[in-house]
Amino acid sequence: MIPDKLDQKILKHLLVDARQSSRQLALKLGVSTVTIISRLKKLQAEKIIKGYTAILDHEKLGFNLTAVIEVVARKDKIIEIENELADIDNICAVYDVTGTTDTFIVAKFKGRDDLSEFVKKISSKPNVENTITHVVLNTIKEDFRLTL
């Protein structure tokens, strides 16, 4: 399913404020509340809308360190390793990539000690051959909400 113009408008409004009600969306977009509700149900059923969440300031929560970590796994265990990584709470993203690295992860840490412990734990997994850790010095942009 490819979202039509109304679906795209609904999604744009939700990206700005997902807490607004169907009634509020309907008023802003000049359609009925029933139309909004049915469109939202369709977008959710199609997994275009996967859920609703708050955007947090990780640094204010004590996660002052971001790392991008490359992981090289044993070739027959890449997916298994990626699924294990995806279940770890402080990992924000797990990417299966092409090139000399199998996986990129983006993770948040409260400090260097947490990062060090994490990298050692990941590196010691039996099917992980190597890791390369990049510490983020400054975050210029971090927003996964795409403009439609």
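Leaving aside neighbours within four places in sequence, with which residues is Phe109 in contact?

1. Basis of the note. The model is predicted, so local features need pLDDT of at least 70 and side-chain atom pairs count only at pLDDT 80 or more, whereas totals for chains, interfaces and linings use all residues. Numbering starts from 1 along each chain as its sequence is written, and side-chain values use heavy atoms, with hydrogens and water left out.

2. Phe109. Beyond its neighbours within four places in sequence, Phe109 is in contact with Gly62, Phe63, Asn64, Leu65, Ala67, Asn90, Asp114, Leu115 and Phe118. Contact here means heavy atoms within 4.5 Å.

3. Largest nonpolar core. A nonpolar core is a set of buried Ala, Val, Leu, Ile, Met, Phe, Trp, Tyr and Cys residues joined through side-chain atoms within 4.5 Å; buried means under 20% relative accessible area, exposed over 50%, and partly exposed in between, with a 1.4 Å probe and protein chains only. The largest such core has 17 residues, and those with the most contacts inside it are Ile69, Leu85, Phe109, Leu115 and Phe118. At least two residues each are supplied by strand 1 (65-73), helix 4 (78-86), strand 3 (103-109) and helix 5 (112-123). Strand 1 gives the largest share, five residues. Helices (H or I, at least four residues) and strands (E, at least two) are DSSP runs numbered from the N terminus.

4. Second core. A separate core of eleven residues includes Leu14, Ala26, Leu40 and Ile49.

5. Helix 2 and helix 3. The axes of helix 2 (residues 22-29) and helix 3 (residues 33-45) come within 8 Å and cross at roughly 115°; axes are lines fitted to C-alpha atoms, for helices over the stretch in contact, with angles from 0 to 180 degrees between N-to-C directions. Helix 2 is therefore roughly perpendicular to helix 3, a class that covers 65 to 115 degrees. Ser22, Arg23, Leu25, Ala26 and Leu29 of helix 2 meet Thr33, Ile36, Ile37 and Leu40 of helix 3. The residues of this contact divide into six nonpolar, two polar and one charged.

6. Lys47. This residue is placed in the loop between helix 3 and strand 1. Lys47 has a positive phi of about 65° although it is not a glycine, and it is exposed, with a relative accessible area of 60%.

7. Thr98. The loop between strand 2 (91-96) and strand 3 holds Thr98, which is exposed at a relative accessible area of 77%. Thr98 and Ile78 are 20 residues apart in sequence and 12 Å apart in space, C-alpha to C-alpha.

Key:
Angles under 35 degrees count as roughly parallel, over 145 as roughly antiparallel, 65 to 115 as roughly perpendicular and the rest as oblique. Ala, Val, Leu, Ile, Met, Phe, Trp, Tyr, Cys and Pro count as nonpolar, Asp, Glu, Lys and Arg as charged, and the others, Gly among them, as polar.
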